[in-house]
Amino acid sequence: MKDFKQRVFSGVQPSGDLTLGNYLGAIKNWIGLQDTYETIFCVVDLHAITTWQEPDILRNATREVAAGMIASGIDPKKSIIFNQSQVSAHAELAWIFNCVARMGWLNRMTQFKEKAGKNKERASVGLYVYPDLMAADILTYRATHVPVGADQKQHLELTRDIAQKFNSDYGVDFFPEVEPLIFGAATRVMSLRDGNIKMSKSDPSENSRINLTDNRDLISKKIQKARTDSEPLPATLSELGDRAEAKNLINIFAALSERDAEAVCLDYEGRGFAEFKRDLADLSVSVLGPITEEMARLMNDKTYLDGILSEGANNANKLASPILKQVQEIVGFLRP
Ligand code: TRP
């Protein structure tokens, strides 16, 4: 294998509000990568329309995700930030990958099964080939590292399979072997109403999640209202057993305070949730307050935001187009 430039790519869908889950589980972990890698962060609007999106809402959510990234510490001077639809190489390479990936591979994707539900016949074709587009996102830049959560690992495996099949079908060493970046401390944030399901922007209950558009008051209220049990906290995580809601709140506390969950548990040994939640509410407000306020400020400055996205798309295009041209050469597309 030749040496590929160390490059990070990741994406967030602009479907619904950004939540505490997106922040703690993803974006927060990307901040530190900016100093070690060349970093590209993408608002994946092409992926969003695999399920229905109202156009005006999609437009707004695209800006919101970009604002959320910037407010959380993604620096447009260090990273490329753009929206996917504005760099056509993604869609073009995805088509080629539709012809490389096999039906059997896509049939195994668990996310499709979950999202399509019982009525597969009515799912969009886009939802089915979603993982090919994700592979194209990454490989359009020949990115080497992709920070993702556990739910995207299967898609990343598929990306590796596609890259490998492309290389071997065409007898080239063109696409790198993509490595996942899994963060030990990355927190899988669960719903505030049910500790067994993931915090999600599509949950019908507003109280199940903290949105990065919530103000300080609302953040505090939602934490205070979070579901818990009536037992006091034990000294260790293992003694928590299957108290899913309690575990979730401790994990959130640990992530927000950048401490070990065991240490947090020990701190609150023997104390009840009323006190714990009061402290967690204060902590959440102090960490998230500045981010949500910066995000609101950015959302009021659309000229600035759109400028960042447009410059990002230009820079992304500069990286992607020579790579796409080489792919066209390799595949045998005549470039007269
Ligand atoms: N599928 C990812 C998610 O839902 C988003 C995504 C799209 C992505 N393209 C990507 C993530 C490329 C990493 C790399 O979370």
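**Ligand contacts**

I began with glutamine 152, where a polar side-chain atom lies 3.0 Å from a nitrogen atom of the ligand. I count a polar contact as a pair of N or O atoms within 3.5 Å. The model is predicted, so I note its limits: local features need pLDDT of at least 70, side-chain atom pairs count only at pLDDT 80 or more, and totals for chains, interfaces and linings use all residues. Residues are numbered from 1 along each chain as its sequence is written, and side-chain values use heavy atoms, with hydrogens and water left out.

I then checked tyrosine 130: an N or O atom of its side chain is 2.7 Å from a nitrogen atom of the ligand. For the side chain of aspartate 137 I also read 2.7 Å between an N or O atom and a ligand nitrogen atom.

**Shell**

I found 13 residues around the ligand (a heavy atom within 4 Å). Gly11, Tyr130, Met134, Asp137 and Gln152 are the closest. I sorted the shell by class and got seven nonpolar, five polar and one charged residues; Ala, Val, Leu, Ile, Met, Phe, Trp, Tyr, Cys and Pro count as nonpolar, Asp, Glu, Lys and Arg as charged, and the others, Gly among them, as polar. Helix α7 gives the largest share of the shell, four residues.

**Whole protein**

I listed 13 helices and five strands, taken as DSSP runs (helices H or I, at least four residues; strands E, at least two). The C-alpha atoms fill a box of roughly 75 × 45 × 40 Å along the principal axes.

How values were computed:
Polar contact = N/O pair within 3.5 Å; in protein donor to acceptor, adjacent residues only side chain to side chain.
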